[in-house]
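Have a go at each task before reading its solution.

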Amino acid sequence: MTVKDPFRRVLSQATQWYSILQVEVEKQVDGIIQQSWLLVKPTFKESVDPSPTASSPALKQESLSQGSCAEILVQHCPACFGSTLFGRPLDKGGDIHVAMDGNFHHQHCCSAGDCPPFYEPTYFIPKPQVDAIRQHIVCAHQHPSKSSWPVIPDEAIDQCEASYEAADGQKQKAAMDNFNDTGIMALICHHDIPLFFANIDMPGEQQKYNLALISHLFSLLPCQANVVVLYDVGCVLACSLSRVRCPLVFFCPSLNCSQFNILDQNITSRLCFATTAMHAYGHEWSCQLVYNPCLACGLGLSDGKGTERLWSRLIRLIGIECVSSVSSYYHAEM
C-alpha cells in the first residue's frame with residue numbers, strides 16, 4: 001500500500017501556509033509591543049506633559065481636552081490619531097479629517113466559495129455590524145421626520161442626488177446573481193492610509209455602509225474628538241442626518257437638530273460633512289457654498305480624493321479577489 005506524503009502539496013497550498021505563519025508571527029510581535037507600550041505609557045505621559053502653558057495661548061483659547069484614540073487607529077496613522085489633545089472646534093477644521101468612497105471593481109464571485117478561516121480581518125467591518133446599522137436606519141425612517149430649518153434648499157439637494165450615481169443607493173452596478181460582494185467601501189485618513197473597509201453586498205452605495213464606517217470610527221475615538229468627513233455626496237448624507245450640520249454654518253442655534261435619529265446625538269454633535277474637492281464643482285452653487293472643502297474654514301488642503309490613490313494601489317488585487325475564498329479575500333486586501 002502506497003503511503004501518501006502529507007507534505008507533498010502544490011505550491012499554492014505551501015504559500016498559503018507560509019502566509020498563515022507570517023500572520024501568526026506578526027500577531028505575536030504586535031502583542032509583545034502592545035504589552036511593552038502599556039508598561040511605559042504612564043511614564044511617557046508624565047515626561048511629556050501636553051497641558052497648555054503660558055507659552056501656548058492658542059491651546060488655552062481652544063480649551064482642548066486630553067484623551068487618546070484606540071491603539072488600532074494609532075497603529076494605522078500616528079500622525080492623525082497619536083495626539084492626546086482633542087476638542088478643536090469644527091469651524092476651525094476639527095481634530096480629524098477622513099474621506100470615504102466606494103469601488104465596484106473589487107467583487108467576489110459566489111462560485112468561489114469559502115475555506116476554513118485562517119485570518120481574522122482587522123480592517124473589514126463584520127457584516128452583522130453593517131446589517132445592524134441598516135436595520136436601525138429602517139426603524140428610524142418609520143418615524144416621522146423632525147421639522148428643521150434647511151441650510152440648503154431641498155431642490156438643490158435633490159439635484160445633487162440626481163446628478164451623482166453615489167447618491168443612488170438602488171442603482172445596480174454589478175450582477176447580484178454572480179457576485180455575493182459587489183464592491184467595497186473604504187474609509188481613509190488625511191494621509192491616505194486605509195482605516196476600515198465594508199463589503200458592499202447590495203446595489204449601489206447605500207448609506208448603511210457610510211454610517212457603519214463612521215459609527216465604528218467614533219467608537220474608537222475619545223469623546224471630545226471632532227471629525228470632518230469628505231464624501232462625493234456629503235451634502236446628501238448630511239441632509240439625512242442633520243439639516244444644518246455643515247462646515248460653514250456654525251452659528252445656527254439648532255445645530256444638533258436631526259431629521260432622523262439615525263446616529264447617536266453624541267456623534268452628530270461632533271461630526272460635519274464636506275464634498276470632495278474634485279466633485280464639488282459638479283454640485284449646485286448653493287451646495288458648494290456650504291460643502292465645498294475649498295471654501296470651508298479650517299479644512300486647508302484636504303481634498304478627500306486619497307481614496308482614488310488607494311484604489312490605484314489595489315488595482316492588481318481585483319482579479320485575485322474575484323476567485324478567492326472569502327477568508328483569502330480578506331487576507332488579499334491586506
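**Exercise 1: helix 7 and its partners**

Helix 7 and helix 8 are roughly perpendicular to each other, a term that covers angles of 65 to 115 degrees. Your task: find the angle and the axis distance behind this, and say which residues make the contact.

Solution. Before starting, some ground rules: this is a predicted model, where local features need pLDDT of at least 70 and side-chain atom pairs count only at pLDDT 80 or more, while totals for chains, interfaces and linings use all residues. Residues are numbered from 1 along each chain as its sequence is written, and side-chain values use heavy atoms, with hydrogens and water left out.

Step 1. The two helices pack at about 75°, and their axes are 12 Å apart. Axes here are lines fitted to C-alpha atoms, for helices over the stretch in contact, and angles run from 0 to 180 degrees between N-to-C directions. Helices are DSSP runs of H or I with at least four residues, strands are runs of E with at least two, and both are numbered from the N terminus.

Step 2. On the helix 7 side, the contact (heavy atoms within 4.5 Å) uses Gln 207, Asn 210, Leu 211 and Ile 214. Helix 8 brings Val 236, Leu 237, Ser 240 and Leu 241.

Step 3. Sort them by class: five are nonpolar, three polar and none charged. Nonpolar takes in Ala, Val, Leu, Ile, Met, Phe, Trp, Tyr, Cys and Pro; charged is Asp, Glu, Lys and Arg; the others, Gly among them, are polar.

Now do likewise for helix 5 (residues 127–141) and helix 7 (residues 207–218): at what angle do their axes cross?

Step 1. The axes cross at roughly 115° and come within 9 Å. That puts helix 5 roughly perpendicular to helix 7.

Step 2. Among the contact residues are Val 130, Ile 133 and Ile 137 of helix 5, and Tyr 209, Leu 211 and Ala 212 of helix 7. By class, this contact has six nonpolar, four polar and three charged residues.

**Exercise 2: how enclosed is helix 8?**

Which residues of helix 8 are buried?

Solution. Buried means under 20% relative accessible area, exposed over 50%, and partly exposed in between (1.4 Å probe, protein chains only). Eight of the eight residues of helix 8 (residues 234–241) are buried, so this helix is largely enclosed by the rest of the structure. They are Gly 234, Cys 235, Val 236, Leu 237, Ala 238, Cys 239, Ser 240 and Leu 241. For background, buried residues make up 46% of the 334 in the chain.

**Exercise 3: cysteines**

How many disulfides are there?

Solution. Look for cysteine sulfur atoms within 2.5 Å of each other; the count comes to zero. Take Cys 69: the nearest cysteine sulfur, that of Cys 80, is 9.4 Å away. Cys 69 is buried at 8% relative accessibility, whereas Cys 139 is partly exposed at 32%.

**Exercise 4: two residues compared**

Are Tyr 281 and Thr 307 buried or exposed, and what do they touch?

Solution. Tyr 281 sits in the loop between helix 10 (277–280) and helix 11 (285–291) and is exposed at 55%. Beyond neighbours within four places in sequence, Tyr 281 contacts Gln 288, Asn 292 and Cys 294. Thr 307, in helix 12 (residues 306–313), is buried at 0%. Leaving out residues up to four places away in sequence, Thr 307 touches Ala 99, Met 100, Asp 101 and Ile 188.

How values were computed
Parallel < 35°, antiparallel > 145°, perpendicular 65-115°, else oblique.
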